[in-house]
Amino acid sequence: MKDFDVIVVGGGHAGIEASLACARMGHPTLLITQNIEQIGYMSCNPAIGGLAKGHLVKEIDALGGEMARATDETGIQFKQLNATRGPAVRSSRAQVDRQAYRLRMKRIVEEQANLFIKQATVEEIIVDGNKVIGLRTDADDMIQGKTLILAPGTFLNGLVHIGLTHFPSGRMGDPPSIGLSKSLKRLGFRTGRLKTGTTPRLDGNTIDFSELTPQYGDEPPIPFSFSTEKIEREQVLCFMTYTNPATHDIIKSGLDRSPLYCGVIKGIGPRYCPSIEDKVVRFAEKKRHQIFLEPDGRDTKEIYPNGISTSLPLDIQIRMLRSIQGLENVEIIRPGYAIEYDFVDPTELKPSLETKKIEGLFHAGQINGTSGYEEAAAQGLMAGINAALYIQGREPLVLKRSDAYIGVLIDDLVTKGTSEPYRMFTSRAEHRLHLREDNADLRVREIGYQIGLLKEEDYRIFLEKKSAIEKTLLIISESKVTPTRENNEILHRWGCTPLKKEASLRELLKRPEIHFSHLFNFDRDLENLRKEVCEQVEIQVKYDGYIKRQMELIERFKKLEEVNFPENFDFHSVIGLSTEVSEKLIKIRPMTLGQASRISGITPAALSILMINLKKQKYL
């Protein structure tokens with residue numbers, strides 16, 4: 001048996017972040033994947049980020065992960081969504097070159113010290129009692145590991161559907177993982193079935209782009225990574241078009257051969273990213289649906305039509321597409337399809353992403369019921385960090401809901417579970433004014449450094465930025481503007497009311513008409529500050545009252561989060577709890593009173609009973 005500290009199964013976004021984290025934290029790590037050429041391959045759309053997903057990518061980067069850097073290096077169009085709205089809901093998104101991203105990630109994995117790669121299919125998890133000790137591959141190779149991280153994506157017992165044709169596949173062109181799924185079931189894990197899908201891929205040579213609306217990237221592009229100075233590459237165009245009533249009629253004509261509507265697909269699909277046939281049926285009143293035509297890269301003519309995920313028969317897919325403006329003569333390079341796959345109930349996990357049943361076994365990504373590259377990468381990073389900490393005999397890193405979107409994501413999964421592919425939204429976070437994209441480094445960069453994932457140079461730059469923000473806040477608080485005629489004329493030009501008494505620059509900045517750049521008129525030294533420092537100072541000043549109230553709320557909730565249940569606390573013996581509440585507590589086994597409060601059906605009365613019981617047993 002070969003011996004590693006960590007074995008990671010799966011070369012997708014979760015597996016990459018997990019394996020890099022473990023190796024960078026000093027542990028010999030093996031990454032096993034069915035096809036090493038597909039490490040980092042984007043199975044669906046060639047894009048990173050989006051609403052709330054961009055927040056996850058920024059947090060991954062702040063902790064020392066890889067996704068943001070790879071996006072900055074291979075991005076072909078960058079946009080900030082909700083740019084005109086408040087900072088809490090602004091999110092970054094980038095189109096990336098699919099092949100360049102894959103090759104870049106493969107290179108980073110190959111060059112990483114302590115990280116080894118093996119092409120194989122995992123057939124069995126090997127345990128000793130309730131502790132993982134390794135695995136067995138399809139070549140009957142026994143590999144020993146102190147910890148095991150499973151990140152198999154949609155490959156667990158995967159089944160592809162195109163019309164009424166279906167065949168086993170992890171994704172189009174790749175075999176499924178049957179043995180690993182069976183091994184998990186033999187170990188007693190509760191599994192379910194989910195479904196996701198992708199769009200047909202189009203030949204750009206057969207599209208009439210002159211009929212379509214161009215979509216431009218932001219200039220200058222805003223990088224994802226806090227370590228990227230700027231992006232200077234030329235951006236590519238995306239295009240927009242729409243379905244129409246004729247398209248919808250064609251789709252409806254194929255529903256009798258749709259696996260979704262014939263009952264062939266049993267798995268539950270993503271509610272917030274439905275297939276085009278689902279949209280047409282569920283939103284029958286809508287006359288059209290938006291389609292974004294996204295280039296697959298700089299050196300390819302392949303186009304990804306975002307918005308028309310489908311598993312309809314191929315003949316219907318062709319007719320549907322050719323009914324759309326600009327696509328009248330389009331040819332399909334690869335058909336759209338749906339895929340069903342197994343997942344493990346995420347309430348089987350501790351907040352560290354270690355399974356409750358098997359010590360040293362961690363799950364990350366779609367095996368936990370999530371959807372999306374960003375959600376997978378975030379879990380992979382946390383599973384990798386916690387596998388390394390487990391080997392080191394240290395306490396796991398558990399980010400709170402008030403710390404990061406990653407904390408919200410994992411807490412939702414392990415506390416509430418999911419019956420459909422889970423997708424991150426800003427609305428899932430109670431403290432989203434605090435959990436902004438722009439301050440992800442200020443929230444979790446220190447953590448990344450303390451656990452050993454952040455480079456010294458990146459940490460030094462972070463400390464300089466943090467110091468500059470604090471210093472600038474002090475300067476503008478102490479710098480005064482007097483109500484002279486000249487100063488009031490300047491304020492009048494900006495649409496502001498005149499000063500009647502002396503005011504600080506900080507007080508001026510609180511006015512809605514004034515932005516940080518306006519302050520240069522009163523203090524020229526402020527012009528020398530970096531852009532991100534100016535932006536951070538402006539946000540902190542303008543939203544000061546709201547942020548303070550949110551921080552007070554966070555402090556109040558922290559009291560519940562700090563009340564821990566002993567490891568083997570007997571929820572069944574607590575007198576006064578209903579049978580339903582007891583069963584939920586026994587199933588989830590919350591780590592803290594705060595986590596217990598978020599379990600569906602746990603009432604304030606039940607929380608009071610639990611607190612009284614903890615006090616009686618002298619745990620409080």
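User: Which rings count as a pair, and how close must their centres lie?

Analyst: Good place to begin! Rings of Phe, Tyr and Trp can pair, and for Trp the six-membered ring is used. They count as a pair if their centres lie within 6.5 Å.

User: Which residues do ring pairs link into a cluster?

Analyst: Keep in mind that this is a predicted model. The structure holds 11 aromatic pairs. Ring pairs also link residues into a cluster, whose members are Tyr449, Tyr459 and Phe462.

User: Is the pair of phenylalanine 569 and phenylalanine 571 stacked, tilted or edge-to-face?

Analyst: Let's look at the angle between the planes. Planes over 60 degrees apart count as edge-to-face. The ring centres of phenylalanine 569 and phenylalanine 571 are 4.9 Å apart and their planes stand at 75°, so the pair is edge-to-face.

User: What about phenylalanine 565 and phenylalanine 569: how are their rings arranged?

Analyst: Phenylalanine 565 and phenylalanine 569 are both buried. Their ring centres lie 5.3 Å apart with the planes at 40°, so this pair is tilted.

User: What radius of gyration does the protein have, and why does it agree with a compact globule?

Analyst: Start from the chain length, which is 620 residues.

User: What percentage of contacts join residues at least 24 apart?

Analyst: The protein has 19 helices and 22 strands, and 56% of its residues are buried. Now take the contacts between residues at least 6 apart in sequence; the share joining residues at least 24 apart is 73%.

Conventions:
Residues are numbered from 1 along each chain as its sequence is written. This is a predicted model: local features need pLDDT of at least 70, side-chain atom pairs count only at pLDDT 80 or more; totals for chains, interfaces and linings use all residues. Side-chain values use heavy atoms; hydrogens and water are left out. Helices (H or I, at least four residues) and strands (E, at least two) are DSSP runs, numbered from the N terminus. The radius of gyration is taken over C-alpha atoms; the globule rule is 2.2 Å times the number of residues to the power 0.38. Buried means under 20% relative accessible area, exposed over 50%, partly exposed in between (1.4 Å probe, protein chains only). Contact means heavy atoms within 4.5 Å. Rings of Phe, Tyr and Trp (its six-membered ring) pair if their centres lie within 6.5 Å; planes under 30 degrees apart count as stacked, over 60 as edge-to-face and the rest as tilted.
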